[in-house]
Amino acid sequence: MPRPGFVLDVDRSTPPTLFWRGEGFSLERLPADRSRIIYPPEPLAGLDNLDGHIRDALLNPLDMDPLPELLKPDMKLTICFDDASLSLPKMQQPDNRQRIVEAVLDMAAEAGVDDVHIIAALGLHRRMHEYELRHVLGDRIVDAFLPKGFLYQHDAEDPDNITVIGHTDEGEVLEINKRAAESDLVVYANINQVAMDGGWKSLTTGLASYRCLSEHHNPASLQNTRSLMDRHHSALHKSIWRMGELLRDSGPTVFQVETTINTEAFPSPFEFLAKREWEWTARDRGLFLASSKSLNKLPNRTKRKLFHKIEAPYRTTSVQAGFTATVHERTLENVYQQHLVEVDGQTDILTMGIPFISPYNPESIMNPILVMCMGLGYLFNMYRGKPLVREGGVVIMTHPTYEEFHPVHHPSYIDFFDEVLADTNDPAVMSTKWEKKYAEDEWYRHLYRTSYAYHGVHPFYAWYWGAHGQQHAGKVIIVGGYAATVRKLGFTPASTMNDALEIASDTVGRSPTISHLHVPGVLVADVK
Amino acid sequence: MKALQIRRNIARFGAARVVGAVSPSGATKVGPLEYRTIEDPERPGDGWHRVRTRLAGICGSDLSLIGGRASTYFESWVSFPFVPGHEVVGELVDGDEAGTRVVLEPVLGHAARDFPLPFDGARPADGDDYAHLAVTSQDGVEPAIQTGFCCSTGGGWAPWFWAHESQLHRLNLPINDLPDERAVLIEPFAGGIHAALLAAPIVEGRANPVVAVLGAGTMGLAAIAGLRRYIPDIRIVVGARYPHQRELALAFGADVVVTATELDRAVRREVGCHMLGGGESGALSSGADVTIDAVGSSRSIADSLRITRPRGRVVLLGMPAHVELDLTGLWHREIDLKGAYTYGTETLSDGTVTDTFHLAIDTVTAVEAERLLSATYSLDEHLDAIDHAATAGRRGAIKIAFDLRESN
C-alpha cells in the first residue's frame with residue numbers, strides 16, 4: 001500500500017534535502033524548526049492488463065455510446081493525440097497513446113471505417129520528430145499512416161485547414177483543425193500527468209489557432225488562474241470549458257480517452273530521486289554522490305543527452321473514456337488521488353528545485369524563460385486553495401540558468417530574451433507591446449510550420465504561465481544561476497541557499513517560515 | 001626635439017607583428033615606434049604653418065602600423081621616417097595668429113602639393129586621382145597620404161609639426177565652448193560622418209530603412225552620431241562588444257543596441273525577414289539597407305555581408321588590411337562594398353553642399369564628444385598609451401590621446 005503524501009517539519013536531525021539544479025542536483029540544509037518539506041505520495045499501483053482496461057473503457061464509456069456503435073463504414077474518423085510535451089520524462093514503450101490508438105484502429109477496422117486521419121494535437125508547440133512519433137505511436141501505426149499522409153501534425157498557421165466553430169457567450173472565438181471539425185467522430189487519446197491537462201483543453205488547445213488560443217493564453221487569464229491545477233478556480237480553464245461547451249453543441253462528436261499515470265518517473269540509477277532522504281540507503285547515498293560528481297564534470301550538452309534519454313517506468317492508474325466533461329471529472333479524481341497532499345497554511349518562503357525538463361523542452365534545452373515558466377508557472381501552481389507561499393513572500397529556486405537556447409526549437413525565445421526582456425518583464429506590457437510582432441513574424445511562422453520550432457508567440461505564453469506567481473511573490477531568487485541571466489528575468493541571483501535566505505530576509509524578515517516542494521515526484525498541495 | 005617616430009626597419013616591423021599577436025605593449029617595445037630626438041623638419045614652403053600639438057589621438061591605423069599589421073599597400077603612400085599623429089588639435093606658433101587653436105585635416109591634398117584642385121573648393125581628400133599623394137611635391141613634400149605618415153611635415157606625436165593652410169580648421173570658439181578634449185575628436189568624427197553619409201543614397205526612398213553599425217569604438221560611435229544627425233528617418237541598429245560602448249551607442253542615437261554576436265538577430269527583428277539555416281547560420285534573407293563595418297576584420301566584413309539586404313551597401317569604415325572572405329554572398333546579393341576613407345566635400349539630403357569637418361565640428365559639440373576621451377598620456381609614457389589604446393574596449397575606454405599642453 002503506497003504511503004500518502006507527507007509534510008515533514010525540519011528539525012536538527014533532518015538530513016539535507018534534495019534540490020534539482022537543472023541537469024544536476026544538490027543537497028541543501030533548510031533551517032530547523034521553521035521549515036517544512038512537502039513530500040509527494042508514493043506512486044500508486046498500476047493497472048494490470050492495461051490493454052484490457054483500455055478496451056473496457058472504449059466499450060463502456062461514460063455518458064456516451066460504446067465506441068463500436070459510433071463507428072460507421074462511410075464516416076470520417078479523426079484520432080488526435082497529445083504531443084511530445086507529455087509525458088515528462090517520456091514513458092517507456094508502449095506509450096499509452098499507442099495502446100489507445102491501436103485499440104481504436106482495431107475497432108474502426110472491424111466497423112469498416114477507412115477514412116481515418118491521425119493528428120498530433122500540438123497546438124503551438126514544435127512539431128514532433130519522426131522518432132518521437134514512433135516512440136509515442138509505435139512503428140506499426142507510423143509505418144501504416146505516415147507515408148500515406150494520414151498521420152500528420154496540426155498546423156495552427158494553415159488558414160486553409162482551420163475552421164471557426166463559433167463564439168462562446170463571452171465572445172471567444174473557437175476555431176480548430178478543419179479535418180477534425182468536419183469529422184463525424186473525433187477520438188482523443190490523452191495522457192493526464194497533472195490536473196491541468198486533459199478535458200476540453202486537449203482538443204480546444206491542441207487543435208486550435210493562435211487567435212483561438214490567445215483568448216485564454218493571456219496575462220489577464222493567467223493572473224486569475226488560482227491555480228493551473230485547479231480548473232474550477234482557473235480563468236484559463238473556465239474559458240476553455242466555455243469553448244468545450246460550444247464544441248459539444250456545434251462541433252464534431254468527441255470521444256475522449258484519458259489515462260492517468262503514477263509518479264514512477266525515474267528508473268535505475270536515479271530511483272533515489274523520489275525517495276525521502278532519511279530513508280536513503282548506503283547505496284542511494286553512493287548513487288547520489290557518484291551521479292552528482294559525474295554530472296558536475298560533464299558538459300551541459302552531454303548531461304542533457306543523458307537525462308533526455310530517460311524513459312520513465314510509469315504505471316497507468318486509470319483509464320476512462322466517453323463524453324469529455326464526465327471523463328475528465330473522473331480523471332481529476334484519479335490524478336488528485338496520486339498528487340494531493342494536505343498542507344496547513346502558507347509560509348513566508350517557498351523553495352523548489354528546477355529540473356532539466358519542462359513541457360516545452362522535450363529533447364531540448366531548459367532555457368531561462370522556461371526556468372521562469374517551470375518555477376513560477378508549473379511548480380508555483382502546484383496547489384489547490386492557496387499558494388504555499390504567502391502573498392508578498394519569497395520564492396527561491398535552484399537552477400544554473402545558463403543563457404543557452406536551442407536554435408531550432410526555440411528561435412523566438414532567443415529574440416524574446418534579447419529584445420522583449422530587455423524592455424519589460426511585465427506580462428501585460430509585453431502582451432500589448434510585443435506579442436503581435438512575434439506572433440505574426442513570417443520567419444517564426446515558417447519555422448513552426450516546416451521545421452521543429454515552437455510558434456513565435458510561444459515564449460510569451462511561457463512567460464504568462466508564470467504571471468500569477470510573478471504577481472504573488474514579493475521576490476524571486478535563483479540559487480546557482482548565471483547572475484546576468486537571472487537579473488534579466490527580473491529575479492535576484494544568489495550563490496548559495498544561505499545567501500538566498502539572507503537576501504530573502506529583506507522581504508520576509510530574519511526568521512521566515514519555509515516550505516520546500518519536493519521534486520520529484522509530482523504533488524499538488526491542498527493548502528487549508 | 002624629442003618625438004615619437006617610425007623608421008623603416010623591416011626587422012622591427014616583423015618583430016612587432018609576431019609579438020603583437022600576444023601582447024600589444026610588447027609589440028610597441030620591439031616594434032618600429034621609437035621615442036627619440038629627431039631633427040626639426042624644415043618648413044616645406046609658403047602656405048605652411050608651424051603647429052604646436054596640444055592633444056593628439058591614437059587611431060586604429062596608427063596601432064596597425066605600430067603593431068606591424070598595416071598593409072604593404074601603403075608602402076608607396078608613406079615616407080620614412082615619419083612622426084605619427086593625425087588626430088590633432090594644436091595652436092599656431094608663428095605670426096599674428098600665434099596661439100590660435102586649430103584642428104588638422106590631415107590629408108595632404110592637392111593644395112598642399114601645388115597640384116591643381118580637382119574642382120573649385122575641393123577639400124584635401126577630394127578627387128579621383130591620388131598621384132599628388134605618391135610623388136614628391138615642388139616644395140619637397142615627400143609622398144604620404146596624410147600628415148602623420150610623411151617624413152617632410154612631422155606629425156602630431158611631436159611637440160610641433162608643419163601643416164598646410166589647406167589642412168587647417170581654425171577654432172574660433174573660446175576654449176570653454178570647444179575644449180581641446182572635444183576638438184581632438186573632430187578628425188575621427190569627420191571620418192565617421194563621411195561613412196554615415198555614404199548610406200544616404202541607398203536608404204533614400206526606402207520604406208522603413210535600417211542601417212546597421214558593427215562596432216562601437218570611436219569610429220563606430222562617430223558614424224552613429226552622423227547617421228542620427230544627417231540621415232533622416234532611419235532605424236539604427238548597433239552591435240557592440242562592450243557594455244560601455246553599447247551605452248554610448250544609445251546615447252549617440254542608436255535605436256537598438258545589442259552585443260556584436262546578436263546583431264544578426266537584431267537586424268532580422270527590425271527588418272522582419274528570414275534567418276537562413278534554421279537560425280543557426282545567422283545569414284539573413286534580406287537585411288539592413290546599409291551596414292557600416294567599423295571593425296574591419298575578416299569576421300566583421302563577413303558578418304556585414306550576411307546581414308545586408310540584396311542590393312544594399314556595406315561601408316568599410318574600419319581599416320581592413322589583409323582579410324580572407326567568402327564573397328559568394330556579395331556576388332549573390334549584388335551588395336555594393338564601399339570603402340570609407342577620411343572625408344571631403346559632402347552633399348546632404350536637403351541639397352546642402354558642405355565639408356565633413358564642418359559637420360564634425362557641429363557634431364562633437366552636439367554629442368559632447370569629449371566623453372569619448374578616456375585617458376591622456378605624455379609622449380614619454382607612449383608604451384602605456386599604446387597599450388591602453390590597443391586594449392581600450394576591454395578596459396572600458398574609447399579614445400586615448402597624447403597630451404602635450406604642459407610639456408609645450
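Why is strand β9 (residues 173–177) of chain A largely enclosed by the rest of the structure? Four of the five residues of β9(A) are buried, so the strand is largely enclosed. A residue counts as buried if 20 or more other C-beta atoms lie within 10 Å of its own, as exposed if 12 or fewer do, and as partly exposed in between, with C-beta atoms placed from the backbone. Helices (H or I, at least four residues) and strands (E, at least two) are DSSP runs, numbered from the N terminus.

The model is predicted; local features need pLDDT of at least 70, side-chain atom pairs count only at pLDDT 80 or more, and totals for chains, interfaces and linings use all residues. Residues are numbered from 1 along each chain as its sequence is written, while chains are lettered from A and ligands numbered from 1 in the order in which they are written. The model scores ipTM 0.84 and pTM 0.90. For chain B, the mean pLDDT (the predictor's confidence in each residue, from 0 to 100) is 94. In chain B, 99% of residues reach 70 or more.

β9(A) pairs with strand β8 (residues 162–167) of chain A. Five bridges join these antiparallel strands; two strands pair if DSSP finds at least two bridges between them. G166(A) has L174(A) in β9(A) as its bridge partner. β8(A) and β9(A) form a hairpin, with five residues between them. In the turn, G171(A) has a positive phi of about 85 degrees.

β17(A) pairs in the parallel sense with strand β16 (residues 389–398) of chain A, over five bridges. K475(A) in β17(A) is the bridge partner of V394(A). β17(A) also runs parallel to strand β18 (residues 492–494) of chain A, joined by three bridges. There, V479(A) has A494(A) of β18(A) as its bridge partner. Together with helix α21 (residues 483–488) of chain A, β17(A) and β18(A) make a right-handed β-α-β unit. A crossover is right-handed if, with the strands pointing away from the viewer, the path from the first strand over the helix to the second runs clockwise.

The contact between the chains takes 13 residues from chain A and twelve residues from chain B. Two residues are in contact if their C-beta atoms, placed from the backbone, lie within 7 Å. On the side of chain A that touches chain B, α15 (411–423) and α18 (442–450) each supply at least two residues. α15(A) gives the largest share, five residues. The residues on this side of chain A divide into six nonpolar, two polar and five charged. Ala, Val, Leu, Ile, Met, Phe, Trp, Tyr, Cys and Pro count as nonpolar, Asp, Glu, Lys and Arg as charged, and the others, Gly among them, as polar.

Chain B is assigned domain 1 (2–184 + 368–403) and domain 2 (192–354), with bounds from an automatic or database domain assignment. The domain centres, taken over C-alpha atoms, are separated by 27 Å. Their contact takes 18 residues from domain 1 of chain B and 15 residues from domain 2 of chain B. Helix α3 (residues 60–66) of chain B gives the most to the domain 1 side, with three residues.

S378(B) lies in the loop between β16 (373–377) and α14 (382–390) of chain B. S378(B) is partly exposed, with 14 other C-beta atoms within 10 Å. Leaving aside neighbours within four places in sequence, S378(B) is in contact with F402(B), D403(B) and S407(B).
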